[in-house]
Amino acid sequence: MSTTLPTAVATAPPSVPRWVDRAAHAVPLVVLPSGLWRMAMAVGIPVGFSGQLAADWRPGWETSSYITLLTLFTEALALLTLGLVRPWGEKVPRWVPLLADRRVPPWAAAAPALLGALAVTAVTLLMFRGGWPASAGGPEGPEGGAAWIMNACYVPMLLWGPLLATVAIAYALRRRNT
């Protein structure tokens, strides 16, 4: 007697190449470490800042709210990449009022994704322009192990733009004749 377990994980439409599906799933994962680092700072875990920089980023209602919202917004944008390899990126889900079951025009998903990829690439390259992110704090920035952890958390973000661009181009090519 064979039993199959129900799966809660949605699978990509058959026309999505496996490597594109994996690239789309990698995007939220490359953004996650920087979000975890920021959340550590938001809840008061010392992340290596000193002096005025530490005072400016000490946990408090405003600072923690800002950091939390920034982290949630960043991760939500990264998760939108999955729409380029899932059925809801091709057809609006039924639960969306007024647009339910309508086909998503390919340009309506691909154009913002490509613009987002350019923006994210520019921002992350600027973040690394002067060296490692931990060095941006100058003498008040993290040093030693704290700097290593911060840099290790932010380096994966360099992949966000190229991965998003790759998935967006694959989406546009796959849907160009629909």
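Let me start with Trp148, which sits in helix 5. Helices here are DSSP runs of H or I with at least four residues, strands are runs of E with at least two, and both are numbered from the N terminus. Trp148 has a relative accessibility of 63%, so it counts as exposed. The cut-offs are under 20% relative accessible area for buried, over 50% for exposed, and partly exposed in between, with a 1.4 Å probe and protein chains only. From Trp148 to Leu32 the distance is 17 Å, C-alpha to C-alpha, and the two are 116 residues apart in sequence.

Before going on, the ground rules. This is a predicted model, in which local features need pLDDT of at least 70 and side-chain atom pairs count only at pLDDT 80 or more, while totals for chains, interfaces and linings use all residues. Residues are numbered from 1 along each chain as its sequence is written, and side-chain values use heavy atoms, with hydrogens and water left out.

Now the chain as a whole. The protein chain has six helices and zero strands, in the order α-α-α-α-α-α from the N terminus. Its C-alpha trace spans about 55 × 40 × 40 Å along the principal axes. Of the 178 residues in the protein chain, 37% are buried. Taking contact as heavy atoms within 4.5 Å, consider the contacts between residues at least 6 apart in sequence: 73% of them join residues at least 24 apart.

Next, the aromatics. How many aromatic pairs does the structure hold? It holds one. The partners are Trp37 and Tyr154, with ring centres 5.7 Å apart and planes at 75°, so the pair is edge-to-face. Rings of Phe, Tyr and Trp (its six-membered ring) pair if their centres lie within 6.5 Å; planes under 30 degrees apart are stacked, over 60 edge-to-face, and the rest tilted. Trp37 belongs to helix 1 (residues 18-42) and Tyr154 to helix 5 (residues 144-154), so the pair ties together parts that are 117 residues apart in sequence. Both Trp37 and Tyr154 are buried.

Another residue to look at is Thr74, in helix 3 (residues 61-79). Is Thr74 buried or exposed? Its relative accessibility is 10%, so Thr74 counts as buried. A polar atom of the Thr74 side chain lies 2.7 Å from the backbone oxygen of Leu70. Leaving out residues up to four places away in sequence, Thr74 touches Val31, Arg38 and Trp160.

Last, two backbone angles. Leu98 is in the loop between helix 3 and helix 4 (106-127), and its phi is near 70°, a positive value in a residue other than glycine. Leu98 is at 79% relative accessibility and therefore counts as exposed. Asp101 is in the loop between helix 3 and helix 4, with phi near 65°, again positive in a residue other than glycine. Asp101 is partly exposed, because its relative accessible area is 38%.

Technical notes. A polar contact is a pair of N or O atoms within 3.5 Å; within protein, one must be able to donate a hydrogen and the other to accept it, and residues adjacent in sequence count only if both atoms are side-chain atoms.
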